[in-house]
Amino acid sequence: MSTPLIVLIVIVILIILMYNSLVAKKNQVDNIFAAVDTQLKKRYDLIPNLVASVSKYMEHEKSILNEVTKLRAEANRPNISNEHKMALDAKMSAALGSIMVAVENYPELKANKNVLHLQHSLNEVEAQIAAARRAYNQAVTDYNNALEQIPTNILATMMHYQPKKVFEIDKSERKNVNVKELFNT
Amino acid sequence: MKSISELTDFYYKTLYPVLQELEKEREAVKSRVIKLGISYLIIAAFIGVVILRYSNGEIDMFLFFCFAAFTLGAILYKYLVKGYKSTFKEKIIAPLIKELDENLEYLPKRHIDETYFTRSRLFTSRPDRVSGNDYIHGKIDGVPIQLSDFHAEKRHQDSKNNTSWTTMFQGLFIVSEFNKNFKGQTVVLPDRAQSTFGDLVGNWLQSNNFSRSELVKMDNPEFEKEFVVYSTDQVEARYILTHTLMQKLLHYQKQSKHPLYASFVGGNIYLAIAYNKDLFEASVFHSLLKYKIAMEYLKTLHLAVGVVKELNLNQKLWSKI
């Protein structure tokens with residue numbers, strides 16, 4: 001075999017490997033986004049129940065409750081983009097956070113078993129969402145790195161791959177949830 | 001569970017009479033070991049010289065004798081200190097463990113079952129021989145825990161049919177219940193590749209480790225430097241290893257000052273600390289009254305049993321309630 005032929009074969013193999021790794025990275029991002037989405041859905045499913053249990057008591061927080069319901073309705077619309085989902089998630093986290101803080105002002109709510117159970121379920125889902133977000137951000141970082149690094153960047157440009165956005169992780173999320181404070185026992 | 005200072009108090013106050021008695025026994029055993037040791041050495045040296053003289057320069061016979069004399073000496077030494085060592089465990093370690101937490105049971109001669117070791121997935125191959133001692137089990141704050149000294153070895157056979165043994169792991173092995181529900185397997189190992197070969201090559205080696213599941217890159221640089229994480233599920237690995245748990249594992253490893261292995265399999269957390277020596281053994285050459293020696297026993301014991309509090313395994317806030 002002549003030398004140019006060998007060089008050609010090696011180059012072709014390298015291109016195939018690079019192409020496959022790019023596709024794998026892109027699919028990993030999509031895969032993990034699906035996991036994030038599942039958890040987000042789980043959280044949206046808890047919302048009607050939550051709103052129903054607390055609205056009787058929460059007179060002053062009606063606007064947040066309305067916002068949460070609106071956000072849920074928006075998230076349930078078909079065909080919304082991933083970026084939109086991410087934005088809705090950020091708003092939802094903030095709104096739910098303020099509801100949970102508000103619950104502290106209502107002794108009837110704090111003693112309510114149903115609310116406690118909901119708080120607990122929300123906590124669990126929040127922890128799952130946080131984990132899924134972190135996994136997603138890592139997958140996106142790997143993907144974005146491949147898009148910028150030599151030599152995969154050349155191939156990525158040819159494949160029209162676009163860099164993706166990571167979830168903005170709230171500072172408060174980096175702290176662990178303190179159960180004692182949450183349940184105020 | 002008692003704190004380390006409470007434990008130190010107990011050691012020097014309540015156990016003091018026992019310690020003094022034990023100290024007398026130690027002195028006696030030590031002088032016996034030294035006297036017998038010297039006589040043994042003199043006799044052995046004499047026989048050795050005789051053998052060397054009359055074997056016409058054949059070194060094989062002499063070497064064989066040296067080997068036999070050394071083995072016999074070791075057996076003799078073990079026999080001499082055996083009584084002291086078991087008294088130490090019975091009169092010092094056992095009360096210490098009871099004082100630490102009364103829900104704990106101590107069985108000095110038993111060790112953690114081999115199945116736990118294999119089930120932990122911390123080591124990819126099965127050991128051919130296991131041994132251990134100082135089995136402690138019970139409940140701390142309602143969380144079941146068991147731990148022991150554990151030594152796992154692998155057998156090697158060369159072409160001449162000579163068997164040799166290498167150590168896979170020696171140190172503390174701890175099994176406890178984890179406070180979150182999970183389905184997959186997540187393994188945290190000391191990061192050897194990244195610290196030996198640097199980030200680029202090390203990372204590549206880690207992601208191509210075929211005996212392990214998927215590599216999980218963690219978002220805590222300090223943790224990522226010390227450990228490498230493999231898991232069957234990228235999201236679940238992060239659900240288990242929160243920022244807080246990563247910090248706590250780092251802290252735990254710093255306290256133990258030895259390589260730390262951790263895994264999360266089947267609802268349990270498995271921890272292995274490679275001390276590379278048999279722990280909780282008394283030496284006749286060191287006084288138990290010395291602060292440094294005493295603190296080593298107390299600290300190791302407190303660290304091992306303290307894992308439940310240290311890693312917040314007693315906070316069942318998640319789906320396990």
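Predicted model: local features only at pLDDT ≥ 70, side-chain atom pairs only at ≥ 80, totals over all residues.
In chain A, attention falls on A:Lys56, a residue of the loop that lies between helix H1 (3–55) and helix H2 (62–75). The C-alpha atom of A:Lys56 is separated by 9.8 Å from that of A:Leu109, although the two residues are 53 residues apart along the chain.

The helices of chain B provide two cases of packing. Two packed helices are described by the angle between their axes and the distance between the axes. Helix H1 (residues 4–12) of chain B packs with helix H3 (residues 59–100) of chain B at an angle of about 140°, and their axes are 10 Å apart. H1(B) and H3(B) are therefore oblique to each other, and their crossing is right-handed. On the side of H1(B), the contact is made by B:Leu7, B:Phe10 and B:Tyr11, while H3(B) contributes B:Leu96, B:Glu99 and B:Leu100. Classified by type, the residues of this contact of H1(B) with H3(B) comprise five nonpolar, no polar and one charged.

Helix H2 (residues 16–54) of chain B also packs with H3(B), at an angle of about 175° and with the axes 11 Å apart. Angles over 145 degrees count as roughly antiparallel, and H2(B) is therefore roughly antiparallel to H3(B). The contact of H2(B) with H3(B) contains 22 nonpolar, three polar and four charged residues.

Chain B also contains paired strands. Strand S2 (residues 129–140) and strand S3 (residues 143–157) of chain B pair in the antiparallel sense, over 10 bridges. Within this pairing, B:Ile140 stands opposite B:Val143 of S3(B). The hairpin of S2(B) and S3(B) has two residues between the strands, and B:Asp141 in this hairpin takes a positive phi near 50°.

S3(B) pairs in turn with strand S4 (residues 163–177) of chain B, again in the antiparallel sense, over 13 bridges. Here B:Gln157 has B:Thr163 of S4(B) as its bridge partner. Five residues lie between the strands in the hairpin of S3(B) and S4(B), where B:Asn161 takes a positive phi near 70°.

Definitions and conventions:
Residues numbered from 1 in each chain as written. Chains lettered and ligands numbered in written order. Helix = DSSP H or I, 4+ residues; strand = E, 2+ residues; numbered from the N terminus. Axes fitted to C-alpha atoms, helices over the stretch in contact; angles between N-to-C directions. Parallel < 35°, antiparallel > 145°, perpendicular 65-115°, else oblique. Left-handed = near helix turned anticlockwise from the far one by under 90°. Contact = placed C-beta atoms within 7 Å. Nonpolar A, V, L, I, M, F, W, Y, C, P; charged D, E, K, R; others polar. Pairing = 2+ DSSP bridges.
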